[in-house]
Amino acid sequence: MLKPTLLMALKDLRLTLTRGAGLVQALLLGLVLVFVFSLSRRAGDLVPAQTAATIFWLASLFSLVLMSNALFSLEEESNARHGLILSPAPLAAVWAGKAMASGLLVAASQLAFMPATIIFLGVEPSGPVESWLVGIAGILIVDWGLVAVGTLLGALAQGQAGRESLLSLVLFPLVIPVLLAGIRLTTGFLEGASPLGAGSWMGLALGFGALYSSVGLLLFPILYRAGD
């Protein structure tokens with residue numbers, strides 16, 4: 001299963017980066033969101049770390065919606081979905097490959113969102129190296145949970161009119177637990193707080209990612225065929 005997963009991820013990354021539309025839209029939407037929120041503060045004022053973390057994750061979440069929609073539209077535009085269904089590769093590998101590609105693209109977007117959050121919102125992150133490491137690890141783990149849900153629901157929304165709206169409506173309530181974990185972990189990172197208190201939130205994010213990864217591997221083949 002590893003080989004078809006990697007091939008699917010490479011194919012999606014190559015097509016997405018070649019076309020550029022999905023990634024550019026996600027970057028622009030996230031950066032505009034951060035900039036618009038920055039207009040609400042007075043010059044010289046510092047935005048609370050928790051508010052900045054919330055804005056960062058909202059930008060990441062909207063980016064995920066656009067990425068998931070773009071990745072699933074690749075097969076629809078070229079009528080290649082039937083070929084994937086009939087191919088000898090397991091459909092679980094399609095889910096894993098798309099989740100891997102989506103995770104890498106969202107992480108790449110966050111490389112722009114985090115500096116924008118720090119600069120436009122006037123946040124001054126500080127703290128020991130351990131706080132930075134825990135913060136980065138927390139972001140990646142939360143990304144895992146978000147991507148696992150987003151990729152599963154992308155299969156559910158494929159072929160539907162207004163699938164971006166459908167994906168958003170279903171996705172947002174489901175990811176509230178892991179989103180809260182991401183906000184708390186990122187708040188601690190921006191405040192430079194001790195990483196000792198991050199264990200429970202990290203455990204929540206890990207459990208969420210593991211749960212929906214298992215659900216995705218089981219249900220994705222059914223949902224992908226159902227859109228046929």
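**Reading the spans, rings and contacts**

Tutor: The UniProt annotation "transmembrane region", from an unreviewed entry, covers residues 20-40, 52-74, 104-123, 135-157, 169-189 and 201-224. UniProt positions are given in the numbering used here, feature names are shortened, and annotations may be inferred rather than shown by experiment. This is a predicted model, in which local features need pLDDT of at least 70 and side-chain atom pairs count only at pLDDT 80 or more, while totals for chains, interfaces and linings use all residues. Residues are numbered from 1 along each chain as its sequence is written, and side-chain values use heavy atoms, with hydrogens and water left out.

Student: What are the helix and strand percentages of residues 104-123?

Tutor: Helices (H or I, at least four residues) and strands (E, at least two) are DSSP runs, numbered from the N terminus. Residues 104-123 are 85% helix and 0% strand, with end C-alpha atoms 25 Å apart. For residues 169-189 the values are 95% helix and 0% strand, and the end C-alpha atoms lie 29 Å apart.

Student: How many aromatic pairs does the structure hold?

Tutor: A pair of aromatic rings is described by the distance of the centres and the angle of the planes. Rings of Phe, Tyr and Trp (its six-membered ring) pair if their centres lie within 6.5 Å; planes under 30 degrees apart count as stacked, over 60 as edge-to-face and the rest as tilted. The structure holds six such pairs. One of them joins Phe 35 and Phe 120: the centres are 5.7 Å apart and the planes stand at 75 degrees, so the pair is edge-to-face. Phe 35 lies in helix H2 (residues 21-38) and Phe 120 in helix H5 (residues 91-120), so the pair ties together parts that are 85 residues apart in sequence.

Tutor: Phe 62 and Phe 172 also form an edge-to-face pair, at 5.6 Å centre to centre and 80 degrees between the planes. Phe 62 belongs to helix H3 (residues 49-77) and Phe 172 to helix H7 (residues 163-174), so this pair ties together parts that are 110 residues apart in sequence.

Student: Is Ser 102 buried or exposed?

Tutor: Buried means under 20% relative accessible area, exposed over 50%, and partly exposed in between (1.4 Å probe, protein chains only). Ser 102, in helix H5, has a relative accessible area of 1% and is therefore buried.

Student: Which residues is Ser 102 in contact with, leaving aside its neighbours within four places in sequence?

Tutor: Contact means heavy atoms within 4.5 Å. For Ser 102 these residues are Leu 64, Met 67, Ser 68, Leu 71, Val 147 and Thr 151.
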